[in-house]
Amino acid sequence: MKKIVAPLLLALVTGALPFAAAAQAVQQAAPQQGAPQPAGMTPQPGQVLTPEAAAQERAEFERLLRAQVLLDRLHFSPGEIDGAYGSNMRQALTSFQKSRSLEATGKLDDATWNALNGDTTPTLTNYVLTDEDVAGPFQPIPEDMMDKAKLTKLGYATPVEGLGEKFHASPDLLARLNPGKNFTRAGEQIVVPSVHGGAPLPQAAKVVVSDSRKVLMLFDASERLIAQYPASTGSEHDPLPVGTWKIEGVHPNPTYHYNPKLFWDAQPGDKKTTIAAGPNNPVGVAWIDLSKPHYGIHGTPVPKFIGKTESHGCIRLTNWSAAEVAAVVAAGTQVVLQE
């Protein structure tokens with residue numbers, strides 16, 4: 001897992017929509033009376049949202065979406081941005097509240113909302129699709145490891161998957177924010193979450209992973225929490241190796257060396273093989289090697305499941321979080337894995 005194929009690329013988006021334009025884009029993506037409803041906002045069979053209920057749903061969506069964007073910009077990651085409240089957002093809010101000496105409720109109360117909005121960046125920004133965004137090649141990624149090994153690159157399955165990772169957002173959210181837009185055409189202008197352009201992270205002195213909270217935290221040399229990310233942290237078969245370790249090395253865009261003997265759920269007939277680099281590689285865009293043999297911190301091809309599903313003992317992050325962590329740690333950095 002130590003072959004470096006290419007440096008990590010950090011997307012940078014400049015410019016911002018006027019607030020009214022951003023709000024209009026969000027409003028267009030929010031549920032309308034009698035219209036098909038997005039997942040998580042679907043009325044019961046036979047139910048039609050009243051104008052008042054639709055307005056309330058829309059306001060809550062806008063509020064949660066903005067809070068997620070602002071948390072992300074402050075490096076308190078809510079995970080995949082989707083405009084919905086869940087366990088990853090609750091953990092992000094809790095730690096942000098503690099960092100601002102607010103009551104740690106994990107809820108988006110008025111005091112937390114006001115503190116977040118110290119950043120006046122609009123929720124959404126314009127982005128024009130580039131040749132690179134749409135070049136591909138795009139292809140479905142097989143589930144079977146032996147089939148994965150046949151591919152020369154584990155790239156994105158669709159352009160919108162890549163855009164979702166670039167802007168830390170659910171592909172479904174991007175589709176909702178951009179009705180009628182063509183995500184396969186260079187030059188198409190879309191709106192995306194304004195997640196880039198915040199304060200850069202300083203170098204981290206220590207990494208702490210909490211199994212119970214399902215988060216990875218970065219601390220500076222003064223023990224100040226500087227970042228937090230949702231994480232998948234082990235399972236009944238492969239529990240998190242609690243203890244104090246250190247980073248042995250940081251490897252962007254690694255190839256993946258699959259050994260079925262290390263996996264309790266390996267398929268019969270699987271053999272040792274090497275899987276090409278790419279964002280849909282089993283360890284994503286970064287492998288941070290730990291002093292515990294066969295364990296590391298890494299990315300994942302399925303960001304929506306981070307913090308919500310089990311891992312094979314390693315610490316999984318979204319690809320964009322793994323890239324951010326990889327940029328501020330180094331060989332020798334202390335890693336504390338705790339229950």
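Author: What follows is a dialogue on aromatic pairs, charges over rings, backbone details and salt bridges.

Author: This is a predicted model, in which local features need pLDDT of at least 70 and side-chain atom pairs count only at pLDDT 80 or more, while totals for chains, interfaces and linings use all residues. Residues are numbered from 1 along each chain as its sequence is written, and side-chain values use heavy atoms, with hydrogens and water left out.

Reader: How many aromatic pairs does a search of the whole structure find?

Author: Rings of Phe, Tyr and Trp (its six-membered ring) pair if their centres lie within 6.5 Å, and planes under 30 degrees apart count as stacked, over 60 as edge-to-face and the rest as tilted. The search of the whole structure finds two such pairs. F76 and F96 form an edge-to-face pair, with 5.9 Å from centre to centre and 80° between the planes.

Reader: Which parts does the pair of F76 and F96 tie together?

Author: Helices (H or I, at least four residues) and strands (E, at least two) are DSSP runs, numbered from the N terminus. F76 lies in the loop between α2 (51-73) and α3 (87-99), and F96 lies in helix α3, so the pair ties together parts that are 20 residues apart in sequence. For accessibility, buried means under 20% relative accessible area, exposed over 50%, and partly exposed in between (1.4 Å probe, protein chains only). F76 counts as buried at 4%, and F96 is buried at 0%.

Author: Y127 and F167 also form an edge-to-face pair, at 4.9 Å centre to centre and with 65° between the planes. Y127 lies in strand β1 (residues 124-128) and F167 in the loop between α7 (159-166) and α8 (171-177), so this pair ties together parts that are 40 residues apart in sequence. Y127 is buried at 12% relative accessibility, and F167 is buried at 0%.

Reader: Which residue lies over the face of W113?

Author: A charge sits over a ring if NZ of Lys or CZ of Arg is within 6 Å of the ring centre and within 35 degrees of the ring normal. R63 lies over the face of W113, at 4.6 Å from the ring centre, and K206 lies over the face of F219, at 5.6 Å from the ring centre.

Reader: Turning to the backbone, is the peptide bond from G136 to P137 cis or trans?

Author: That bond, from G136 to P137, is cis, with omega near 0°, and P137 is placed in the loop between α5 (131-135) and α6 (145-148). H75 has a positive phi of about 70° although it is not a glycine; H75 lies in the loop between α2 and α3 and is buried at 12% relative accessibility. K214, likewise not a glycine, has a positive phi of about 60°, and K214 lies in the loop between β3 (206-210) and β4 (215-219), where K214 is partly exposed at 27%.

Reader: How many salt bridges does a search of the whole structure find?

Author: A salt bridge is a side-chain nitrogen of Lys or Arg within 4 Å of a carboxyl oxygen of Asp or Glu, and the search finds eight. Among them, the side chains of E223 and K206 meet at 3.1 Å, N to O. E223 lies in the loop between β4 and β5 (225-230) and K206 in strand β3, so the pair ties together parts that are 17 residues apart in sequence. E223 is partly exposed at 49%, whereas K206 counts as buried at 17%.
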